[in-house]
Amino acid sequence: MKNLSVIMLLALCLCIGACAKKQTTNPDGTLGGDDAFSSQGEPISIDDIRFTDEPSLRNSATDKRAGLATIYFDYDSNSITEEAKEILKENAKYLKNNANLKLVVEGHCDERGTSEYNLSLGQRRALKVKEYYVQLGILPSRIATISYGEEKPEDKRSNESAWAKNRRAETKVIVK
């Protein structure tokens, strides 16, 4: 009798799991019905963005314009500091005045951590910057993200000052 109860419970769990509503991806990259990128000013969240929806930019030519400053992150963090928000606001002014530019936000990490972890953290950093740009009025269709993890350090040394320079997000213009 005990075995029959366990089997019935497992079957019920399988049925419930099989009936769960699937999320769909809209053509604009948002998840099923949740228009996180709407022009009505609704905030987007990096939790709503699928990494696979980003175009491949690994071999694309980019240009780091003088008007687009780099921001830096704390260790093991993708939170944008108040100082970084001010920098991104200045970047957004430039981007609004040059509405024809397509962008890529590159996420970077220091060398600590596994390659997989650093690629994930770099992507979360890039997506946080994209999220903030969208909140500042930049169209999300203009912004792609990419993570280089620890692949492209700004400073190749292995010390705290070098690591601080490598924990960054760079906004670059995509050159056609």
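Asp-76 is partly exposed, with a relative accessible area of 41%; partly exposed lies between buried, under 20% relative accessible area, and exposed, over 50%, for a 1.4 Å probe and protein chains only. The place of Asp-76 is in the loop between strand S2 and helix H2 (82-97). Its phi is near 55°, which is a positive value in a residue other than glycine. Helices (H or I, at least four residues) and strands (E, at least two) are DSSP runs, numbered from the N terminus.

The model is predicted: local features need pLDDT of at least 70 and side-chain atom pairs count only at pLDDT 80 or more, whereas totals for chains, interfaces and linings use all residues. Residues are numbered from 1 along each chain as its sequence is written, and side-chain values use heavy atoms, with hydrogens and water left out.

The protein chain contains four helices and five strands. Along the sequence these elements follow the pattern α-β-β-α-β-α-β-α-β. Of the 176 residues in the protein chain, 38% are buried. The accessible surface of the protein chain comes to about 10500 Å², and carbon and sulfur atoms contribute 55% of it; such areas come from the Shrake-Rupley method with a 1.4 Å probe, and for residues only the protein chains shown count as cover. Among contacts (heavy atoms within 4.5 Å) in the protein chain with a separation of 6 or more, 72% are between residues 24 or more positions apart.

Strand S2 (residues 71-72) includes Ile-71, which is buried with a relative accessible area of 1%. Apart from its neighbours within four places in sequence, Ile-71 is in contact with Ala-84, Ile-87, Leu-88, Val-129, Arg-167, Arg-168 and Ala-169. One of these residues, Leu-88, is 17 residues from Ile-71 along the chain, and the two C-alpha atoms are separated by 7.7 Å.

Strand S4 (residues 143-149) is largely enclosed by the rest of the structure, because seven of its seven residues are buried. In a regular strand the side chains alternate between the two faces of the sheet. Both faces of S4 are covered, with Ile-143, Thr-145, Ser-147 and Gly-149 buried on one side and Ala-144, Ile-146 and Tyr-148 buried on the other. S4 pairs with S3 in the parallel sense over six bridges, where pairing requires that DSSP finds at least two bridges between two strands. Val-105 stands opposite Thr-145 in S4. The chain crosses from S3 through H3 to S4 in a right-handed β-α-β crossover; right-handed denotes that, with the strands pointing away from the viewer, the path from the first strand over the helix to the second runs clockwise.

Helix H3 (residues 115-135) comprises 21 residues and reaches 30 Å from its first C-alpha to its last, close to the 30 Å expected at 1.5 Å a residue. The expected span is 1.5 Å times one less than the number of residues in the helix. After H3 comes Gly-137, whose phi is positive, near 105°.

A salt bridge is defined as a side-chain nitrogen of Lys or Arg within 4 Å of a carboxyl oxygen of Asp or Glu, and by this rule the count comes to 14. Asp-110 is buried, with a relative accessible area of 4%, and its side chain meets that of Arg-112 in a salt bridge (2.8 Å, N to O). Arg-112 is partly exposed, at 24% relative accessible area. A salt bridge also joins the side chains of Asp-110 and Arg-167 (3.4 Å, N to O). This pair links distant parts of the chain, 57 residues apart: Arg-167 is in the loop between helix H4 (160-166) and strand S5 (168-174), and Asp-110 is in the loop between strand S3 (103-108) and H3. Arg-167 is buried, with a relative accessible area of 7%.

Glu-160 is partly exposed, with a relative accessible area of 43%. Salt bridges that share partners also join Glu-106, Glu-154, Arg-168, Glu-170 and Lys-172 into one network.
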